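Here are a few notes to go with your copy of the model. Have it open while you read.

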Amino acid sequence: PFPYAPYAIQERFMAALYGALEKGQVGIFESPTGTGKSLSLICGALSWLRDFEEKKKQEEARLLALEHDGQEEKKLTPLDEPLPKGTLEEPGCPDSKGSAGEPDWITAFVQKKEERDMVDRLKEEQIKRKKREDRLEKIRHNVQLKYTAKRKRSEEEETKRLLQLSKEVLLERGGADGLDHNEEELILDEYESDEEKKVVPGLEEDDDDMEEEHVTKIYYCSRTHSQLSQFVHEVQKSPFGKDTRLVSLGSRQNLCVNEDVRRLGALQLINDRCMEMQKNKHDKKSDGEEMEGKRRRVSRTVCPFYSYEQMQFLRDEILVEVKDIEQLVALGKETKACPYYGSRYAIPAAQLVVLPYQMLLHEATRSAAGISLKDQVVIIDEAHNLIDTITCIHSAEVSGAQLCCAHSQLLQYMERYRKRLKAKNLMYIKQILYLLQQFVSVLGGNVNQNPNSQAIPQTGTELKSINDFLFQSQIDNINLFKVQRYCEKSLISRELFGFVERYGAPTVVKTNKEKEKLAGLQNFLLSLQQGSDKEGPPQSLPAEAESDQLRSASPLMQIEGFLSALTNANQDGRVILNRQGTVGQSSLKFLLLNPAVHFAKVVKECRAVIIAGGTMQPVSDFREQLLSCAGVDPARIVEFSCGHVIPPENILPVILCSGPSSQQLEFTYQTRDLPQMMDETGRILCNVCNVVPGGVVCFFPSYEYERHVYARWEQTGLLARLAAKKKIFQEPKKANQVDQVLVEYAKCIKRCSHGGGQMTGALLFSVVGGKMSEGINFSDDLGRCVIMVGMPYPNIKAPELQEKMTWLDKTMPRAAGQAPSRVLIENLCMKAVNQSIGRAIRHQRDFASILLLDHRYARPAIFNKLPQWIKERTQVKAAFGSAFAELRK
């Protein structure tokens with residue numbers, strides 16, 4: 001089923017997708033934006049799922065029917081029957097044995113037993129499915145009644161809870177050791193490592209109730225929150241919208257409905273606070289059983305939205321009707337239930353789970369979310385930068401300033417609560433302090449001095465293997481796995497944040513003695529704050545400033561990420577020691593070189609994996625770096641690429657080898673800054689603006705080059721000539737200003753199309769890999785011509801890239817006589833080009849021209865990396881005259 005008559009390429013796409021899912025393959029699917037890719041994915045995949053469930057039901061019915069027939073005859077088990085003649089290996093009885101040398105009756109018995117087990121399993125599954133369907137049916141009828149009663153009940157519970165809280169607060173005595181009783185909550189609980197942990201009965205009973213078998217489902221992931229929302233709306237509009245059980249997952253930042261937690265702002269703080277509130281809920285249960293003489297813990301807040309009954313209700317609501325994240329949050333607020341956990345409890349019964357990349361690709365996040373990939377289908381959309389995404393998720397960086405700050409905070413914390421902390425906690429805190437101290441000394445500094453005033457004699461970048469880094473830091477004797485687990489379980493960064501929140505502000509400090517003690521920390525935090533301000537933009541926005549403060553107030557959280565990265569296998573990553581002017585500006589960065597190790601687990605567990613995108617060219621990256629390294633059998637990989645829905649005459653891609661004054665176009669690092677090259681580019685642009693109506697988008701390889709060219713054109717008066725025809729806009733560096741610029745750009749084009757004056761539209765200077773080269777559509781008049789100035793090769797001097805190139809040359813085979821590192825550089829360049837030029841054509845009746853300014857685009861190795869639908873229509877023009885004639889036409 002499809003909402004309208006599909007294009008031929010959509011039918012081909014869906015047929016190929018259906019086949020890949022049926023055969024359990026790994027597919028690389030390319031379908032240009034504007035060809036209805038989302039709808040093809042939805043209809044193709046959900047048709048397969050529907051048929052798969054139907055086949056399963058028929059198979060069950062067949063086996064159950066056989067079982068029923070078998071029961072009609074009176075059955076004796078083989079052991080009750082007299083032994084058949086010839087069982088005892090009589091001579092002359094050659095047929096008495098089965099193929100494996102077993103007597104026939106044994107083979108038959110084993111076969112029967114297997115069938116019986118199978119039937120029992122199927123019966124169980126049928127009962128479960130029947131229960132689930134009955135439950136959903138009941139919900140559909142009773143939802144309204146239940147909902148009203150629930151709201152009333154939850155209001156009563158809330159009142160009771162508040163009364164209880166106020167009683168507990170009144171009962172509370174001041175803490176011992178001269179500590180304020182509010183400070184009790186800053187002290188770490190006694191820590192037990194996993195080996196010593198005894199299971200406490202009753203602690204997890206909530207979760208056991210909710211455990212349910214996972215039905216076969218499709219996990220759909222994309223990059224951004226808005227892309228996921230768009231996809232959910234497509235599902236709602238599709239023929240499957242009414243009867244698909246769909247769950248949208250997101251981070252706590254997107255789904256939390258507890259205002260006190262939300263206002264913490266930074267994701268890591270929200271996560272920690274939420275976990276702590278759950279811990280408090282479990283602690284409350286065991287409060288009554290505390291032994292005499294043991295200090296009573298201060299009453300600590302639990303989350304009013306984290307209630308089993310309310311979340312079960314929310315889960316059922318989610319499964320009844322397709323909802324996007326906004327609708328989910330609204331429902332959570334109304335029903336006083338947590339959407340973050342409510343949605344997770346809906347995963348087992350769901351048929352389609354929609355979630356961001358990071359949640360699926362990061363193993364720890366995946367298991368925490370309760371996602372089971374065994375025999376399921378995964379579709380990764382917008383996957384053109386999948387390799388970079390996996391690398392980023394598993395890489396981590398910490399600055400010298402953060403290391404010193406965390407050391408100072410943790411030391412003060414330990415000194416203040418030393419008497420109250422248990423030995424296990426003290427031991428781990430000392431280990432973390434030692435790690436921080438060693439990290440700073442590897443950078444060439446001392447933790448006890450201000451990082452911003454400690455100059456580093458030898459600046460530069462050094463690369464180390466993980467093991468070498470551990471030896472050089474002299475921390476190879478510390479078990480990082482245990483330290484990482486301690487940080488996770490004890491929530492130490494959360495306690496430390498609470499401590500700094502309290503004592504970072506001067507108003508809280510009471511006695512003079514304490515003032516002296518904590519003035520150091522305050523000044524230190526202040527100096528860090530000022531240090532980081534110096535580097536940032538002059539006028540920073542309030543929201544950004546606030547999140548910076550949160551980051552610097554809780555540096556330990558970022559350091560935990562770095563520690564966890566150091567637990568990767570030695571050959572799969574590198575540590576980059578980046579020493580700049582001062583210790584504060586220097587940093588340690590973990591770089592993941594082999595993304596396949598993390599992707600292998602996904603491919604191994606899944607029934608089928610589909611990697612889809614608008615422009616997946618060049619595909620060799622996915623095949624070699626991701627799939628071959630992850631051990632995928634080449635026979636299991638299938639590629640599908642379809643053309644565009646526009647007629648051939650609606651697009652004119654031109655590779656331009658020289659400009660109007662016959663200057664050859666070659667924008668290498670050596671030649672692109674030459675005045676004649678910049679002037680020739682300006683002349684091309686002037687000619688284009690004279691004949692192209694509406695909007696022209698011009699992409700430069702970098703912000704720096706764009707600024708350079710702009711200054712040159714301003715100086716030569718060329719900018720003024722351009723401005724006479726088109727109003728000029730520049731891509732802003734700040735993400736929050738992009739929308740504003742785009743709105744102005746679109747308004748200007750609209751005005752000019754009605755005005756009929758001298759101005760014919762607008763010209764937008766953009767940057768490859770910037771905010772406008774991905775995810776923003778220049779449809780119709782917004783992008784009648786897209787110009788790419790030069791080839792946006794990455795900076796091969798960057799240490800990270802050099803290390804990746806060396807690693808590839810060592811581990812990958814040479815392809816077609818080219819070194820893998822060379823292929824990587826070309827692929828990175830062409831991926832960026834393809835993303836940028838694919839922005840112009842957005843639907844069947846759209847039309848645009850694409851100009852690639854550089855003769856190097858005509859080289860076969862480069863030319864073949866253009867998307868198929870652009871490549872087959874591209875013209876290579878040696879001279880500007882004929883290109884201009886085509887463009888005008």
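1. Which residues does Gln227 touch, not counting residues up to four places away in sequence? They are Ser222 and Glu382, with contact meaning heavy atoms within 4.5 Å.

2. Before going on, some ground rules. This is a predicted model, where local features need pLDDT of at least 70, side-chain atom pairs count only at pLDDT 80 or more, and totals for chains, interfaces and linings use all residues. Residues are numbered from 1 along each chain as its sequence is written, and side-chain values use heavy atoms, with hydrogens and water left out.

3. Back to Gln227, which sits in helix 5 (residues 225–237); helices (H or I, at least four residues) and strands (E, at least two) are DSSP runs numbered from the N terminus. Gln227 counts as buried because its relative accessibility is 14%; buried means under 20% relative accessible area, exposed over 50%, partly exposed in between (1.4 Å probe, protein chains only). Its side chain also reaches the backbone nitrogen of Thr224, at 3.0 Å.

4. Now the open sheet: 4 strands in the order 6-9-8-7, with antiparallel pairing (two strands pair if DSSP finds at least two bridges between them). Strand 6 (396–399) and strand 7 (460–465) are at the edges with a single partner strand each, so one side of each has no neighbour in the sheet.

5. Strand 7 pairs with strand 8 (residues 573–579) in the antiparallel sense, over 6 bridges. Opposite Leu463 you'll find Ile576 in strand 8.

6. Last, helix 24 (residues 620–628): its buried residues are Asp621, Phe622, Gln625, Leu626 and Leu627. Down the axis of helix 24 they fall within an arc of 160°, so they line one face of the helix; the arc is that of the directions from the helix axis to the C-beta atoms.

Key. A polar contact is a pair of N or O atoms within 3.5 Å; within protein, one must be able to donate a hydrogen and the other to accept it, and residues adjacent in sequence count only if both atoms are side-chain atoms.
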